[in-house]
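Subject: Structure handover

Hello,

Here is the structure for you to look over. My notes follow below it.

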Amino acid sequence: MYIIVGLGNPDRQYQNTRHNIGFDVVDVIASKNHITISERKHKALIGKGIVGGEKAVLVKPQTYMNLSGESVREVIDFYKIDEKSELVVISDDVSLDVGQIRIRKKGSAGGHNGLKNIILHLGHDEFQRVKMGVGEKPGGYDLADYVLGHFTKEEREIMDESARRAADAIEVMIKDGADVAMNLYNKKSGGSM
């Protein structure tokens with residue numbers, strides 16, 4: 001069984017922001033696999049179904065980004081999965097170009113508060129993640145304001161396509177392993193602007 005967690009903030013005001021791209025990817029996976037994400041459990045909205053031929057639980061923590069680890073810990077404890085091989089976390093990344101995808105099997109939080117909190121609650125950083133490039137913060141911008149801001153129309157189109165590619169990448173991770181997915185999807189260009 002796989003736990004696929006998309007990071008984001010729960011309130012309507014955060015919909016379609018850079019920080020909520022994890023939620024967007026989970027929604028694409030849900031739509032593609034006919035999974036309804038409506039059950040409120042473990043401080044999250046969850047949905048259960050089949051992804052990549054395996055049982056999967058899709059998770060959208062409702063704790064706000066900085067406390068995402070509380071929800072992830074509860075889900076892992078409930079389903080008793082091996083977080084090193086059966087957990088996939090999707091987050092935004094300001095160090096990657098808009099639309100770029102980077103799959104990792106472990107690593108630091110890289111300054112991302114949601115990942116930082118998950119690492120804190122798990123006690124290690126050895127879990128698979130899919131980082132979604134949202135572009136570098138322009139000079140003079142506050143980082144929080146930037147990631148809580150909305151994409152331009154052009155960026156949104158690129159991110160919608162990137163979310164579909166990330167959903168495909170996660171299916172490859174489940175079917176063939178993270179290494180195969182990394183070879184296929186960790187390319188420099190995420191889309192042209």
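A pocket here is an open set of grid points where a 1.4 Å probe fits, with protein on both sides within 12 Å along at least five of seven lines. The model is predicted, and the largest pocket in it holds about 390 Å³ of space. Its lining has 20 residues, and those closest to its centre are His19, Gly111, His112, Asn113 and Leu143. S5, H4 and helix H5 (143–147) are the elements that give two or more residues to that lining. By type, the lining residues of the largest pocket divide into eight nonpolar, nine polar and three charged.

Next, strand S5. Ser91 sits in this strand. Its relative accessibility is 0%, so Ser91 counts as buried. Beyond its neighbours within four places in sequence, Ser91 is in contact with Leu7, Ile21, His112, Leu115, Val130, Lys131 and Met132.

Now helix H1. The helix covers residues 21–32, 12 residues in total. At 1.5 Å a residue it should span 16 Å. Its end C-alpha atoms lie 17 Å apart, which agrees. Which residues of H1 are buried? They are Ile21, Gly22, Phe23, Asp24, Val25, Val26, Ile29 and Ala30. What do the buried residues of H1 pack against? Their partners are strands S1 (2–6), S3 (44–51), S4 (54–61), S5 (87–93) and S7 (128–133), together with helix H6 (153–176). Just after H1, His34 takes a positive phi of about 55°.

On to the salt bridges. A search of the whole structure finds 17 of them.

Asp24 and Arg156 meet through their side chains at 2.9 Å, N to O. Asp24 lies in helix H1 and Arg156 in helix H6, so the pair ties together parts that are 132 residues apart in sequence. Are these two residues buried or exposed? Asp24 is buried, and Arg156 is buried too. Asp160 also belongs here: Asp24, Arg156 and Asp160 are linked in a network of salt bridges.

Lys105 and Asp179 form a salt bridge as well, again at 2.9 Å, N to O. Lys105 lies in the loop between strand S6 (101–104) and helix H4 (113–122), and Asp179 is in helix H7 (residues 178–185), so this pair ties together parts 74 residues apart in sequence. Lys105 is partly exposed, at 40% relative accessibility. Asp179 is partly exposed too, with a relative accessible area of 44%.

The side chains of Glu39 and Lys41 meet at 3.7 Å, N to O, in another salt bridge. Glu39 has a relative accessible area of 32%, so it counts as partly exposed. Lys41 is partly exposed at 24%.

Last, Glu83. This residue is found in helix H3 (residues 83–86). Glu83 is buried, because its relative accessible area is 13% and buried means under 20%. Setting aside neighbours within four places in sequence, Glu83 is in contact with Arg73, Ile76, Leu122, His124, Glu126 and Phe127. Between Glu83 and Lys41 there are 19 Å in space, C-alpha to C-alpha, and the two are 42 residues apart in sequence.

Best wishes

Definitions and conventions: Residues numbered from 1 in each chain as written. Predicted model: local features only at pLDDT ≥ 70, side-chain atom pairs only at ≥ 80, totals over all residues. Heavy atoms only, no water. Helix = DSSP H or I, 4+ residues; strand = E, 2+ residues; numbered from the N terminus. Expected span 1.5 Å × (residues − 1). Buried < 20%, exposed > 50% of the residue type's maximum accessible area, 1.4 Å probe, protein only. Contact = heavy atoms within 4.5 Å. Salt bridge = Lys/Arg side-chain N within 4 Å of Asp/Glu carboxyl O. 1 Å grid on protein atoms, 1.4 Å probe; cavity = no way out; pocket = protein on both sides within 12 Å on 5 of 7 lines; lining within 4 Å. Points joined across faces, edges and corners; volume = space filled by probe spheres on them. Nonpolar A, V, L, I, M, F, W, Y, C, P; charged D, E, K, R; others polar.
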